[in-house]
Amino acid sequence: MEPTTIKSRSNVKDFFLNLGATVSLYTVVGSLISLLFSVINKSYPQITNGYYYYGSGAISWPVSILVIFFPIFLVLMWLMAKDYSSDPERKNSGIHRWLTYLTLFIAGIVIAVDLITVLYYFIDGQELTTGFLLKVLVLLVIAVSAFTYYISDIRGRLTPKSRMMWRVFATVLVVGSIVWGFSVLGSPRTQRLYKYDTQKINDLQNLRGQIDAYYGTNSKLPDTMQDLVKINFGVIITDVQLNKPYEYSKTGALTYTLCAEFNKASTDEMSSQAYPYYGEVSWTHPAGRHCFEQKINTLMYPKAMISQ
């Protein structure tokens, strides 16, 4: 086989190995940062007046990506190290040097911006919260690690032993982050239970909307859930987990309760808010059966008030 053909194949192989390793690196780093930020947000929530929900997506996507892409990244880096150890000249290929310097550039920018942000918050007199400092530390550790590894690679200071140490460090960092994420945000089973509870809150809110609509049309509350069939096309909203209708009870001319059985106790961050026209209503709930007291806003239905 001609040397030109061998060199051409090596160039193609180098291109895809380096490109795949770089894409995998950026994907793993992005998912790792997303996962750790979600854990920090949950452990040290920011005090705001808005609504924020730490759903299962906060951990599901980053963990799924890490589980798939991190092994791919390790394998590609191992293949590159193996090829370059047998043929050191290939380390000087254009694609390898370009992508390495690109990674160094991005890591350097992240480090600089990270430190500038901390300095700005300090000079501006803003509170350096634990959550904020942990996020800064996460970015700093990841960026410095990437910068140190690739600058050592460029200078030819990486040995088989040091490469193995870097692989172990990266594995411990990723696996430790996943374990920490599950310990704070919950296991897959816990996430599923929270999803069920979120669906129940959404269903109860829809039921409240139907009951209010019934009142606006009939100038009275429905006596039973069966009275809502006409405005819900013959379908009663049911609890998909328990496969039974939600509980409705009329407690007065303008008041009623909606009840459901929840798997987990909610937090303030997970509670939803009612529509602005109805006023704010907390949907925070404990584990087990819980009823929400509801009241018709008569200002929304002036015709109903006149008929009464």
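How many aromatic pairs does a search of the whole structure find? The search finds 9 aromatic pairs. Rings of Phe, Tyr and Trp (its six-membered ring) pair if their centres lie within 6.5 Å; planes under 30 degrees apart count as stacked, over 60 as edge-to-face and the rest as tilted.

This is a predicted model, in which local features need pLDDT of at least 70 and side-chain atom pairs count only at pLDDT 80 or more, while totals for chains, interfaces and linings use all residues. Residues are numbered from 1 along each chain as its sequence is written, and side-chain values use heavy atoms, with hydrogens and water left out.

| Pair | Centre to centre | Angle between planes | Type |
|---|---|---|---|
| Y120 and Y121 | 5.9 Å | 80 degrees | edge-to-face |
| Y248 and Y256 | 5.7 Å | 50 degrees | tilted |

Y120 is partly exposed, with a relative accessible area of 46%, and Y121 is partly exposed at 24%. Y248 and Y256 are buried. Buried means under 20% relative accessible area, exposed over 50%, and partly exposed in between (1.4 Å probe, protein chains only). Ring pairs also link Y149, Y150, W166 and F169 into a cluster.

The structure also has an open sheet of 3 strands in the order β3-β4-β5, with antiparallel pairing. Strands (E, at least two residues) are DSSP runs, numbered from the N terminus, and two strands pair if DSSP finds at least two bridges between them. The edge strands, β3 (247-250) and β5 (288-295), each pair on one side only. Strand β4 (residues 255-262) is joined to β5 by 8 bridges. The bridge partner of T257 in β5 is E293.

Conventions. Helix = DSSP H or I, 4+ residues; strand = E, 2+ residues; numbered from the N terminus.
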